[in-house]
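Subject: Handover of a structure, with notes

Dear colleague,

Please find the structure below, together with its sequence. My notes on what was found in it follow, and I would ask you to read them with the structure open.

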Amino acid sequence: MPEKTILVTGAGNAGSVGRKVVERLRGRGLPTRALVRQDDERAETLRATGAEVVVGDLTRPADVARALEGCHRLYFGMSVSSSYLEATTAVAAAAREHGALEAFVNISQMTVSQMTITSGSESRQQRLHLLSELILSWSGLPVVQVRPTIFMENPLFRFAVHSAADGIAIRLPFGSGRTSPVATDDVADVVSAVLAEPGPHLGRVYELTGPVSRTMDGVAEEFAKVVGRPVTYVDTPFGEWAEGLAAARLPEHLFEHIATMTRLHRENRYDRVSTDIETILGRPPLDVRDFAENNRTMFQ
């Protein structure tokens, strides 16, 4: 019996979970199709893995239906966008009409597990994730929800690293809030494992974190062990930090999401640890020290 094709969305950008899922599925020899917005050099790198590439818009059900033809499993992911709920609805509608899906793996956010339909302290993007999960739960599709916490690779951390007179300073307004960032490699490994053998995972919700929840002082200590220089956390006033972020001229929806994530860190909403990665993969998740080892140039 021929292997069943898996459709992966959100695979356009290098380093994204979707891109890494394509690479892992192709590494397993599984037929994989990537849905991208533009046929450019990023699409060519996907083709180089042996994946089929189709071009379309996730907010257009006709594009999604065309991409789903012949596919039996789906990974749905999309970057932070004010159109996120529209895209989820379009993909769910196309998948229901398709009628042959064995698994619909949706990437959400761990914050959703602490939210209610009327809560208002979260970002608009986080509320869109909550509503998207509800739509998928009502759809009757064979859904697996994957909720990672903040990614180690999030620009929030990269932009926080600065040279200091006595070493390196990490400037963020997290206060004494704890965090357990997760590696995109671990999330992609989990998603790929579920797509390869979805049966035991259908209907499950997986919350993905790093192995330890630490204050940023603790994160700085782990970084220092790798880079061989003093690394110090500097608790920066939120207003001062937000002015620096505003200088990047991000889209309003993205700016509000990043600023809210920062505030929720300070309120200790990210103090979470889950064993789901180890349960699924049979190994512990990567830690912040592993991230530092793999990104030494970030500290130069």
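What is the volume of the largest pocket? For the largest pocket, the volume comes to about 1,400 Å³. Please bear in mind that this is a predicted model.

**The largest pocket**

The lining of this pocket consists of 50 residues, and those closest to the centre are Asn-13, Ser-16, Met-78, Ser-79 and Val-80. Two or more lining residues are given by each of helix H1 (17–27), S2, helix H2 (41–48), H5 and helix H10 (252–266). H10 supplies the largest share of the lining, with 4 residues.

**Salt bridges**

How many salt bridges does the structure hold? The count is 23.

Are the two partners buried or partly exposed? Glu-52 has a relative accessibility of 39%, so Glu-52 counts as partly exposed. Arg-33 has a relative accessibility of 10% and therefore counts as buried.

Another salt bridge joins Arg-147 to Glu-133, with 2.7 Å between the closest N and O atoms. Because Arg-147 lies in strand S6 (residues 143–148) and Glu-133 in helix H5 (residues 124–139), the pair ties together parts that are 14 residues apart in sequence. Arg-147 counts as buried because its relative accessibility is 12%. Glu-133 also counts as buried, at 7% relative accessibility.

A further salt bridge is formed by Glu-293 and Arg-296, whose closest N and O atoms are 3.1 Å apart. Glu-293 is partly exposed, at 41% relative accessibility, and Arg-296 is partly exposed as well, with a relative accessible area of 39%. Elsewhere, salt bridges that share partners join Lys-20, Arg-24, Asp-185, Asp-186, Asp-189 and Arg-283 into one network.

**Helix H3**

Which residues of helix H3 (residues 61–68) are buried? They are Asp-63, Val-64, Ala-67 and Leu-68. Viewed down the axis of H3, these buried residues fall within an arc of 130 degrees, so they line one face of the helix. The buried residues of H3 pack against strand S1 (5–9), S2, S3, strand S4 (71–76) and helix H4 (84–98). Just after H3 comes Gly-70, which takes a positive phi of about 85 degrees.

**Aromatic pairs**

A pair of aromatic rings is described by the distance of the centres and the angle of the planes. The count of aromatic pairs in this structure is 6. One of them consists of Phe-76 and Tyr-84: the ring centres are 5.8 Å apart and the planes stand at 55 degrees, so the pair is tilted. An angle over 60 degrees would be needed for a pair to count as edge-to-face. Phe-76 and Tyr-84 are both buried.

Another pair is made by Phe-223 and Phe-291, with ring centres 6.4 Å apart and planes at 40 degrees, so this pair is tilted too. Because Phe-223 lies in helix H8 (residues 216–227) and Phe-291 in helix H12 (residues 288–294), the pair ties together parts that are 68 residues apart in sequence. Phe-223 is buried, with a relative accessible area of 7%, and Phe-291 is buried, with a relative accessible area of 5%.

**A loop residue**

Where is Thr-111 found? Thr-111 sits in the loop between strand S5 (103–107) and H5. Apart from neighbours within four places in sequence, Thr-111 is in contact with Glu-122, Gln-126, Leu-264, Arg-269 and Tyr-270.

With kind regards

Note on methods
Residues are numbered from 1 along each chain as its sequence is written. This is a predicted model: local features need pLDDT of at least 70, side-chain atom pairs count only at pLDDT 80 or more; totals for chains, interfaces and linings use all residues. Side-chain values use heavy atoms; hydrogens and water are left out. A salt bridge is a side-chain nitrogen of Lys or Arg within 4 Å of a carboxyl oxygen of Asp or Glu. Buried means under 20% relative accessible area, exposed over 50%, partly exposed in between (1.4 Å probe, protein chains only). The arc is that of the directions from the helix axis to the C-beta atoms. Contact means heavy atoms within 4.5 Å. Rings of Phe, Tyr and Trp (its six-membered ring) pair if their centres lie within 6.5 Å; planes under 30 degrees apart count as stacked, over 60 as edge-to-face and the rest as tilted. On a 1 Å grid over the protein atoms alone, a cavity is a set of points where a 1.4 Å probe fits but cannot get out, and a pocket is an open set with protein on both sides within 12 Å along at least five of seven lines; lining residues have an atom within 4 Å of a point. Grid points are joined across faces, edges and corners, and a volume is the space filled by probe spheres set on the points.
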